[in-house]
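Colleague: Please show me the model, and then let us go through some of its local features.

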Amino acid sequence: MKSLVIVESPTKTKTISKYLPKGYDVDSSMGHIRDLPASAKMIPAKYKKESWATLGINPDDRYFAIYVTPPDKKKIVKRLKDKLKDVDELILATDEDREGEAISWHLLEVLKPKVPVKRMVFREITKEAVQNALENTREIDMNLVFAQETRRILDRLAGYTVSPLLWKKISPGLSAGRVQSVAVEFLVERERERMKFRSGTYYDLQAVLQKSGENDEFKADLTHLNEKRIASGKDFDENTGKLKKPDSVVLLDEEKASALVDDLKAAEWSVTNVDVNTQKRNPSPPFITSTLQQEANRKLGMSARDTMSVAQKLYEKGFITYMRTDSTRLSSQAIDATRDGIVEMYGEEYLFERVRNYTAKGKSAQEAHEAIRPSGSKFIQPEKSGLKDREYKLYDLIWKRTIATQMAEAELEFTGVTITAKNDGTSADFRASGKKILFPGFFRAYVEGSDDPEAALENQENFLPAMKEGDNTDLQDLNFNSHETKPPARYTEATLVKELEKSGVGRPSTYAAVISTIQDRGYAKLDGKALVPSFTAFAVSSLLEEHFPDLVDSDFTSALEDKLDGVATGTVDPVKYLDDYYKGENGLKAKVETQEDKIDPQKAKLLDLPLDGLEGIKVAVGRFGPYAKMQKGDEEVSTSLPMDMDPSDVTAEKLEELIKLSEEEDKPIGVHPEEGLPIFLLTGRYGPYVQLGEATEENKKPKRASLLRGMTPEDIDLELAVKLLTLPRTLGDHPDDGKVVKAGVGRYGPYVVHDGKFKSIPKDGNVLEIQLDEAVELLKQKAKSRKSSELKNLGKHPDTDLPIKVMDGRYGPYIKHGKKNIGLPKDTDPAKFSLGDAINLIAEKG
């Protein structure tokens, strides 16, 4: 008997093939083989004239959806159909979640097999799991299919209904999404809080002490002065920078703090209170999708998308269980493997006295039914796995977290000592804190936020000398320190995932795609690990808040998600659910039609930034980016905002400076001595530049030159502007062959060039001053042999299974996909270039 087994990826194909007997041919669908049409040209001819064709869904026919097979999947479909002709049964072995179930259903619909069909599911790719799944096949679960297709239709309705409105009212190319819009709202609301924030300043004292008769020093911080608490950051109002209850605390300024230091240096210091308590700490539950994304971002600096991509590979290679899950449950097999591993690695004393069980986490543990853990009945130790780079690091993280779940509690001892300094009626209480690990327990394997548990154990401890009430202490040093309160921290990918999950918005399996989308669409950018919302994000969120508040309401979106879970269990009718969302007077379609005429595009583009001093100056977004404008008499003056300016960077002073510069753009800084044309100092999206002459119908692109690095508009006079406009400047003929030598500025900085050979000008050189003889000497220098070096291994392309790497070459960064090299777009940071970015770039280049 011959069987065809279909999975989603080539990697999964290779792994499963090892565990199936002869007669089983395993092939891959390369993900989804069909979807809603991505463009008008993909809509079949028989539907093109339908009023709903562009949407791809007919809401009046139970949300009938047009599904099409993309051109790049037609060869795959043909191959699978050909193989079906020679087999006795078809086994669909796609992932056991809603998306995997839907892929199997689409395969069934497209292939139309004439042989028996079985659905085979497993949560880990091991010999035991695969063979058990083969013996326990089932039919396709249509409730899971309905849930996935309903989600897809719901997102299509939201995106295709609201996005065109944003194009008309704000700017082309914008998008809205059911989960995406809430995520952007979180970022914008946090940024508004930061912009409203006013810092407060306070001082405190820190003493360095010794117990009398001993040499060990320890530190203690001032907590009370004459029995009144010293003010700290929590006492300040975030919006005023002033104390919330000024009468209840002592606020020290620099003068008072300095005087107190002088006073207490002559004081007598003694212990007035000692409290000791022990605490036991339990390990965190094993990973689910969201916590894995959070911890990988915190510990490994990986984005949510990269985390899921690497985890997918680990699953397909058989190293971990399925990585899309809301459940923290561990199977009995996993618990046994974990406990055996603890005894082997750490000894019996580190094994928890009983099995530690974890219940399902989240509003609905609706994906796979077990936590993310190493696969199999005996876990492979990371150092014996043969994995490398990010795959090794992520597996190591999962292995440690899983092992820790069955380890003994950590036992800690905390000591708090109050030392009181008294002098002439002044009484000041200082607090010293000690921490001792009595038994490390699970800390030996896993400490949150640390890659090295053993090192983290040492860093966690803080020893104090043994002290009791009445002991004298000797002051060694006493200083005061100033502090400023900090605004609320921006979201990182980790904290945004946490907030989305806490609010019940979307599902963890979708977060990676959502976070990538809001960056790809220009709603946010990464600054280090922080997600910084753009001017466009502010404009879109403000419009949605005013006219479509449900779309940015986390409670409303969470309720939608709960009903999708109901579709998955068969308790909610998907058609009624979609009707309630889209149709009727309160449906999305009617709301958009009603609100569209009420939205003034000019008002929608204006940003209401919560900043002081912006009266009279308006900030808006336009087709070519953000700009500022103000009325001066009868004339409106406007200026583009620099590309590197964020909403939080905006101040009245900066805007006034940019507008002033814009006003002066009409006045030339002088006339070119040779050309006889005026030279203007202008500002554009990429910063200030000089321009020779005015742009006219005859001269649409006058010569321009950007200011060099380190230059400011204030530095530019006529002489310097003329020099900038000479670039690239001719230095003369090379003495060896008479060919021209030039100096200019390119993508990688200032250079000299001769006969196609480029040489960078050193940092201490000046492209405006370099002479021919210096350039000739530079060109003589032997070029350093430079081989391309790997910057980042992004993983394999899901369609070709070929590796994609970010490389650094002679002419700059590029990606290598198989034998194909593609340069990165200008101004792209290679460190932030992800697998998704690479796949999109490869698709663009054909």
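This is a predicted model: local features need pLDDT of at least 70, side-chain atom pairs count only at pLDDT 80 or more; totals for chains, interfaces and linings use all residues.

Colleague: With which side chain does the side chain of H754 make a polar contact?
Modeller: H754 is in strand β26, residues 749-754 (strands are DSSP runs of E of at least two residues, helices runs of H or I of at least four, both numbered from the N terminus). Its relative accessibility is 11%, so H754 counts as buried (under 20% relative accessible area; exposed is over 50% and partly exposed in between, with a 1.4 Å probe and protein chains only). A polar contact is a pair of N or O atoms within 3.5 Å; within protein, one must be able to donate a hydrogen and the other to accept it, and residues adjacent in sequence count only if both atoms are side-chain atoms. At 3.0 Å, the partner of the H754 side chain is the side chain of D737.

Colleague: Which strands stand at the edges of the open sheet of four strands?
Modeller: The strand order is β28-β29-β30-β31, with antiparallel pairing (two strands pair if DSSP finds at least two bridges between them). Two of these strands each have a single partner, so one side of each is left without a neighbour in the sheet: β28 (789-796) and β31 (820-823).

Colleague: How many bridges join β29 to β30?
Modeller: Strand β29 covers residues 803-809 and β30 covers 812-817, and the two run antiparallel. The number of bridges joining β29 to β30 is six.

Colleague: Is the pair of F186 and Y491 stacked, edge-to-face or tilted?
Modeller: Rings of Phe, Tyr and Trp (its six-membered ring) pair if their centres lie within 6.5 Å; planes under 30 degrees apart count as stacked, over 60 as edge-to-face and the rest as tilted. By this rule there are 15 aromatic pairs. The centres of F186 and Y491 are 6.4 Å apart and their planes are at 40°, so the pair is tilted.

Colleague: How many residues apart in sequence are the parts that this pair ties together?
Modeller: F186 is buried at 13%, and Y491 is buried at 7%. F186 lies in helix α6 (residues 180-196) and Y491 in the loop between β13 (473-484) and α13 (493-503), so the separation in sequence is 305 residues.

Methods:
Residues are numbered from 1 along each chain as its sequence is written. Side-chain values use heavy atoms; hydrogens and water are left out.
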